[in-house]
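Let's take a walk through this model together, going from one spot to the next. Keep the viewer open and follow along.

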Amino acid sequence: MNLANESKLDAYVEAFMEEHRIPGLSLAISRDGQIMYQKGFGVRDLDTREPVTPETLFGIASVTKSFTAVAIMQLVAAGKLSLDDPVKKYIPSFRPGGQADPEKIKIRHLLSHTSGVPPLLRREELTKLNDHLEYVGALAYEPLGEPGEYISYCNDMFLLLGAIIERVTGRLYRRYMTDQLLEPLEMHRSTFSLEEVVRLDDVSVPYVQRGDGNPVEKATWPTLGNYEVGGGIRSNVVDLMKYGQLFVNEGCYENKEIASAALLRTMWQPVHKVTRNAWYGYALKMTPDYEGVTLVEHGGGQPGVSSNFGFVPEKGLVVAVLSNLDNVPVRNVWLAAVNAAMGLPVEQKEPQEPTYEASKDELERLVGTYRSAEGGDLRIFLRDGNPVADVAGAEFELRVSAGDTLVFVQGEMPLRFFFKAERQAWAALLGLRMLVREKV
């Protein structure tokens, strides 16, 4: 990357941080395994004013999911399981709760968030996977649909991959992941353990912001419990460059094969469409044609964490961005870094959703309150004939791009609605979570 592009990227990041009041952020880019850019911005602690460095430790949140998927691919390569195996084959006591058929839910449905199980109430106090199986099995809910029919985040289903890893290997999930991935990749400043985080230096302080205009507040690291399977790694952008080598270097790190290149490629093959231009695979999202290349990525968010990691396989590019403030669209920084590395304008975005003139009747079909047990809360209403979204108490202007799709004007994020026999939409896909409409 030339100096002009680097300077433009620096300016973009600094303006982005000021706009979103982010205390600290770290960003790295590598090409063919060689780091071409790494930089820390802001501070890791607002009290001490210690600066962020490329090795500053942050949570990576749901970027962890791709690590778990790689571990599953390792076991597939070893002949110890198949993606088409039913979950029940490895967890005979598996009952997904509600009216879902446990025989139909397969490992690939867990990896792609297409099990049909909706987002469930989080139980972070549960630390044993067997306890989680009992919790899920006792729940009463209506499935979103048949496995494979709809996509929706369900962290309680994804964490079952950790239970499968434990049953197949006879080892604790965390220990298997450390021994088979973190250590071989020399990710020596990456860990699942909060006890280890406390002993390390150059660690970020997590911050949260409770509503626009309020000052950021210090938060504690979330303990997560069993949800560590999909969100428990704390890492840094330098270590994530090592991890990214697996995907752009045929499953190898420093000439050592860690995973099957062919199986890794299946992780970013399209399984379920999530927007007009993007698909979800196995713990990775892919945009198949961005300026002639493929964008492969995954983001994450927790209290005090916003993250985005990904790569461009055709260019050997790996990019990671980590920050210590939650609910921040750091994916914008990630794409800006990809653009800079490819010699494109830093501010360039994907093609926008089209404009659509909706009738009053079409808009009224979308009006309602949509929720999930995990805590998602969305209300769609009309103001002067125009659609507005209330998300957890904050209002957002919307525009229409299709009869079943609204778009957040700020950020251009699409919001897709689903219909069955009834007139009103029965569900909405907000990000990767399906929220079900409350019956009036």
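**A walk through the model**

Ser307 counts as buried, because its relative accessibility is 3% and the cut-off for buried is under 20%. Keep in mind that this is a predicted model. You'll find Ser307 in strand E13, which covers residues 305-312. The side chain of Ser307 reaches out to the backbone oxygen of Ile60, at 2.7 Å. If you ignore the neighbours within four places in sequence, Ser307 is in contact with Gly59, Ile60, Ala61, Val63, Gly299, Gly300, Val321, Leu322 and Val330.

Another serine to look at is Ser323, in strand E14 (residues 317-323). Is Ser323 buried or exposed? Ser323 has a relative accessible area of 0%, so it is buried. Its side chain gets to the backbone oxygen of Leu325 at 3.5 Å. Setting aside neighbours within four places in sequence, the contacts of Ser323 include Ile22, Gly24, Leu25 and Phe58, and also Gly304, Val305, Ser306 and Val330. Val330 turns up in the contacts of Ser307 and in those of Ser323, so it makes a handy point to click on when you go from one serine to the other.

Now move on to Trp334, which lies in helix H13 (residues 331-342). Trp334 counts as buried because its relative accessibility is 0%. Beyond its neighbours within four places in sequence, Trp334 is in contact with Leu295, Val296, Glu297, Asn308, Phe309, Gly310, Phe311, Val319, Ala320 and Val321.

A search of the whole structure finds 14 aromatic pairs. In one of them, the rings of Tyr173 and Phe192 have centres 5.5 Å apart and planes at 75°, so the pair is edge-to-face; the label calls for an angle over 60 degrees. The pair links distant parts of the chain, 19 residues apart: Tyr173 is in helix H8 (residues 173-182), and Phe192 is in the loop between H8 and helix H9 (194-199). Tyr173 is buried, with a relative accessible area of 2%, and Phe192 counts as buried at 2% relative accessibility.

Tyr370 and Phe417 form an aromatic pair as well, with 5.6 Å centre to centre and 65° between the planes, and it is edge-to-face. This pair links distant parts of the chain, from Tyr370 in strand E15 (residues 368-371) to Phe417 in strand E20 (residues 413-418), 47 residues apart. Both Tyr370 and Phe417 are buried.

Which ring does the charged end of Arg122 sit over? The ring is that of Tyr227, with the charged end 4.1 Å from its centre. Arg123 lies over the face of Tyr135, at 4.9 Å from the ring centre.

The largest cavity holds about 30 Å³ of space. Its lining is made by His109, Leu110, His113, Thr114, Ser115, Ser152, Cys154, Met157 and Phe158. Helix H4 (107-111) and helix H6 (155-158) are the elements that give two or more residues to that lining.

Next, head for Ile35 in strand E2 (residues 34-42). Ile35 counts as partly exposed because its relative accessibility is 37%, and that class runs between the 20% and 50% cut-offs. The C-alpha atoms of Ile35 and Leu317 are separated by 9.6 Å, although the two are 282 residues apart along the chain. Apart from neighbours within four places in sequence, Ile35 is in contact with Ile29, Ser30, Val238 and Met241.

Finish with two backbone torsions. Asn327, in the loop between E14 and H13, has phi near 60°, a positive value in a residue other than glycine. Asn327 counts as exposed, because its relative accessibility is 72%. Asp384 has a positive phi too, near 55°, and is likewise a residue other than glycine. Asp384 is found in the loop between strand E16 (377-383) and strand E17 (386-391). At 76% relative accessibility, Asp384 counts as exposed.

How values were computed. Residues are numbered from 1 along each chain as its sequence is written. This is a predicted model: local features need pLDDT of at least 70, side-chain atom pairs count only at pLDDT 80 or more; totals for chains, interfaces and linings use all residues. Side-chain values use heavy atoms; hydrogens and water are left out. Rings of Phe, Tyr and Trp (its six-membered ring) pair if their centres lie within 6.5 Å; planes under 30 degrees apart count as stacked, over 60 as edge-to-face and the rest as tilted. Helices (H or I, at least four residues) and strands (E, at least two) are DSSP runs, numbered from the N terminus. Buried means under 20% relative accessible area, exposed over 50%, partly exposed in between (1.4 Å probe, protein chains only). A charge sits over a ring if NZ of Lys or CZ of Arg is within 6 Å of the ring centre and within 35 degrees of the ring normal. A polar contact is a pair of N or O atoms within 3.5 Å; within protein, one must be able to donate a hydrogen and the other to accept it, and residues adjacent in sequence count only if both atoms are side-chain atoms. Contact means heavy atoms within 4.5 Å. On a 1 Å grid over the protein atoms alone, a cavity is a set of points where a 1.4 Å probe fits but cannot get out, and a pocket is an open set with protein on both sides within 12 Å along at least five of seven lines; lining residues have an atom within 4 Å of a point. Grid points are joined across faces, edges and corners, and a volume is the space filled by probe spheres set on the points.
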